[in-house]
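Work through the exercises below with the structure in view. Try each task before reading its solution.

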Amino acid sequence: MYNFDEIIDRRHTNAMNIEGFRDYIFHADESMTFPYKDEEFIRMWVADMEFATPDVVIDGIKERLDKRIFGYTRVFENSYYEAFVNWCKTRYGWSFDKCELVMSNGVIPALYELVAYICKPDEKVLFLTPSYAYFKYAADFNSREYVCSDLIYEDGRYSIDFEDLDRKAADEKTTLLIFCNPHNPSGRVWKEDELKKIAAIIEKHNLWVISDEIHCDLLRLSEQHIPLGKIMPDYRRLITAMAPSKTFNLAGLMISNIMIRDEDLRKIWLNRHYNFDNPLSIAAAQAAYEKGEDWVQALRAYLDENFRFTQEYLAEHLPKAKFRISEATYLAWVDLSEYFEPDESLPMFFAYKTGVLLEGGNMFVQNSDCFIRLNLACPKATLAEGLRRICEAVNTKHTEKYLGED
Ligand code: LCS
């Protein structure tokens, strides 16, 4: 019914995925050259998908286009709230009051603002590492210090070091936890007992918490997302961020939902935020929440299969790689510590040696050396070629290393 195998040409669409990798991954400009032409790369880096946005979303945009006027716009209509809250109720058994919902061009712009509104200049932001680097950038941007609590990595599985987190949260200058639920890059879906322990630490230290739940719709079919807000139904200092961007491949439309419980913080937001939204994005998001369920389920099944394929392929061709299927996200997190030294630049290695663009190593703040992150949200044929190249390059390096040592 949906064709996730289709290979779609993204050239000439101003796609970050195609045009932005020199700058984002390598901090370089157009003069940086590779032994591969740009169109020969297999791109498994930035977190958007190689799949078309579902037709129901495109139709929603078209209907809005037909209204022909695109003046200043905000989400006023109750129908948007209804569509989104129903999505949350149906999928997560969780809801929120309409007055809590504010819109942002993205989760990251919201983090940048919220850090400024919540943390005084001498206060610190806490998050778990490895981490999506923009959590750190949100602190840096506002000249706030940040504190990391390393996740524990055991038998290929990540867990939270609650003692360490509690200790760091106890610092009275640490006032905000940015919590990634589910977690990028590890792909962990935090379970109820883990969320309860996190909640206890948050309450004990009266922390503000931003629960970034942008990946919550894209879980393996066997997994279930629990919003932190459901575990902490009466906690005021909680902000939840969700968005259609990852779920429906709409990141470029720049719309996300921010639920702010605390009335005073919401007032600050409404006073200081640039409160306009793109009319086409609202139409897209609403159509997605109203009509996109079927497509998401099909997408999840396709992603499950890509993860299964990846696991099988790595086990056969790169047996010393450690890999567990991510519980959430379309991002695979692969431990290559048997093959690489901690200070090696893995993105550089794979881009030069084999024409694969990926993220890895120190791109995730800390506690991520020797890992690569692969975006599996692509047609199977693309994935198979990406994995083939990755495994071949690593095995060649490995063989050369041992020959060199002889
Ligand atoms: N929060 C998390 C945890 C993310 O992984 C991303 C995107 C965002 C927020 C971005 O939100 P936006 O501002 O687009 O609404 N993650 C990306 C990643 O890991 N690589 O490229 C984007």
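**Exercise 1.** Where does the ligand sit?

Solution. The ligand sits in the largest pocket. A pocket is an open set of points on a 1 Å grid over the protein atoms alone, where a 1.4 Å probe fits and protein lies on both sides within 12 Å along at least five of seven lines. To sit there, a molecule needs more than half of its atoms within 2 Å of the grid points. This is a predicted model, in which local features need pLDDT of at least 70 and side-chain atom pairs pLDDT 80 or more, while totals for chains, interfaces and linings use all residues. Residues are numbered from 1 along each chain, and side-chain values use heavy atoms, without hydrogens and water.

**Exercise 2.** Which residues come nearest to the ligand?

Solution. Start with the 15 residues around the ligand (a heavy atom within 4 Å). Of these, Val107, Asn184, Asp212, His215 and Arg373 come nearest. Next, sort the shell by class: eight residues are nonpolar, three polar and four charged.

**Exercise 3.** Find polar contacts (N or O pairs within 3.5 Å) of the ligand.

Solution. A polar side-chain atom of Asn184 is 2.8 Å from a ligand oxygen. The side chain of His215 has an N or O atom 2.8 Å from an oxygen of the ligand. At Ala47, a backbone N or O atom lies 3.0 Å from a ligand oxygen.

**Exercise 4.** How many residues line the largest pocket?

Solution. The lining (an atom within 4 Å of a point) has 44 residues. Ala47, Asp48, Lys246, Ala251 and Gly252 lie nearest the pocket's centre.

Methods
Polar contact = N/O pair within 3.5 Å; in protein donor to acceptor, adjacent residues only side chain to side chain. Nonpolar A, V, L, I, M, F, W, Y, C, P; charged D, E, K, R; others polar.
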